Amino acid sequence: KRSIIFGSLVAALLLSAAAYATAESVTIAGTAGSATGPVAVKATVNPKLSLTIVTPDASQSVDFGGAVDPGTVIGGKTVSLSIDSNKDFSLTKSASGNVAELGLLTTLPATSAGLKGKNVPFTDAYSIDVPWTTLPAVYAASVQYTVTQH
């Protein structure tokens, strides 16, 4: 137990000495009551990217109900997207599943470009236009949004 505490103390002292060794003190001579000197400021900024998706219905979904007749057009469902990115980006969208059987339509283009910023907004309005050729059954589709920094 003592050797662990002693070893930790030695390591802490060595790290303190290393941190102190990298500090620098510079004295700048002034004339007539004035002295100026520069200080360089440095930082490496990491790329940062986030996508927030807000859907009109629970469980990250767009629900058009359980009893939809063929030939029915239902709209009025909007998905909101918010992107935070410190680099320019592109947003792509792809749909899969029973897209044709539902007659699923969305308004956001398959590819959109965005400039860097916080809370860059996009909206995608969803609607279905169920074809008469769709057989009675439960159908589901999925829309995938992908943000890529440039």
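In strand β7, Ser-142 is the bridge partner of Ser-96. Strands here are DSSP runs of E with at least two residues, helices are runs of H or I with at least four residues, and both are numbered from the N terminus. The model is predicted: local features need pLDDT of at least 70 and side-chain atom pairs count only at pLDDT 80 or more, while totals for chains, interfaces and linings use all residues. Residues are numbered from 1 along each chain as its sequence is written, and side-chain values use heavy atoms, with hydrogens and water left out.

**Sheet**

- Strand β3 (residues 89-97) and β7 run antiparallel and are joined by 9 bridges; two strands pair if DSSP finds at least two bridges between them.
- An open sheet of 3 strands has the order β5-β3-β7, with antiparallel pairing.
- Its edge strands, β5 (111-114) and β7 (141-149), each pair on one side only.
- Neighbouring strands of this sheet are turned against each other by 20 degrees on average, direction ignored; axes are lines fitted to C-alpha atoms, for helices over the stretch in contact, and angles run from 0 to 180 degrees between N-to-C directions.

**Aromatic pair**

- The count comes to 1 aromatic pair, where rings of Phe, Tyr and Trp (its six-membered ring) pair if their centres lie within 6.5 Å.
- The ring centres of Phe-89 and Phe-122 are 6.2 Å apart and the planes stand at 70 degrees, so the pair is edge-to-face; planes under 30 degrees apart count as stacked, over 60 as edge-to-face and the rest as tilted.
- Because Phe-89 lies in strand β3 and Phe-122 in strand β6 (residues 117-129), the pair ties together parts that are 33 residues apart in sequence.
- Phe-89 and Phe-122 are both buried (under 20% relative accessible area; exposed is over 50%, partly exposed in between, with a 1.4 Å probe and protein chains only).

**Nonpolar core**

- The largest nonpolar core has 17 residues, and Leu-91, Phe-122, Tyr-126 and Tyr-145 have the most contacts inside it; such a core is a set of buried Ala, Val, Leu, Ile, Met, Phe, Trp, Tyr and Cys residues joined through side-chain atoms within 4.5 Å.
- At least two residues of this core come from each of β2 (73-85), β3, β6 and β7.
- β6 gives the most to this core, with 4 residues.
- Beyond its neighbours within four places in sequence, Leu-91 has contacts that include Leu-81, Ile-83, Phe-122, Tyr-145 and Val-147 (contact means heavy atoms within 4.5 Å).

**Helix α2**

- Helix α2 (residues 99-102) contains Ala-100.
- Ala-100 is exposed, with a relative accessible area of 59%.
- The C-alpha atoms of Ala-100 and Thr-133 are 9.9 Å apart in space, with the two residues 33 residues apart in sequence.
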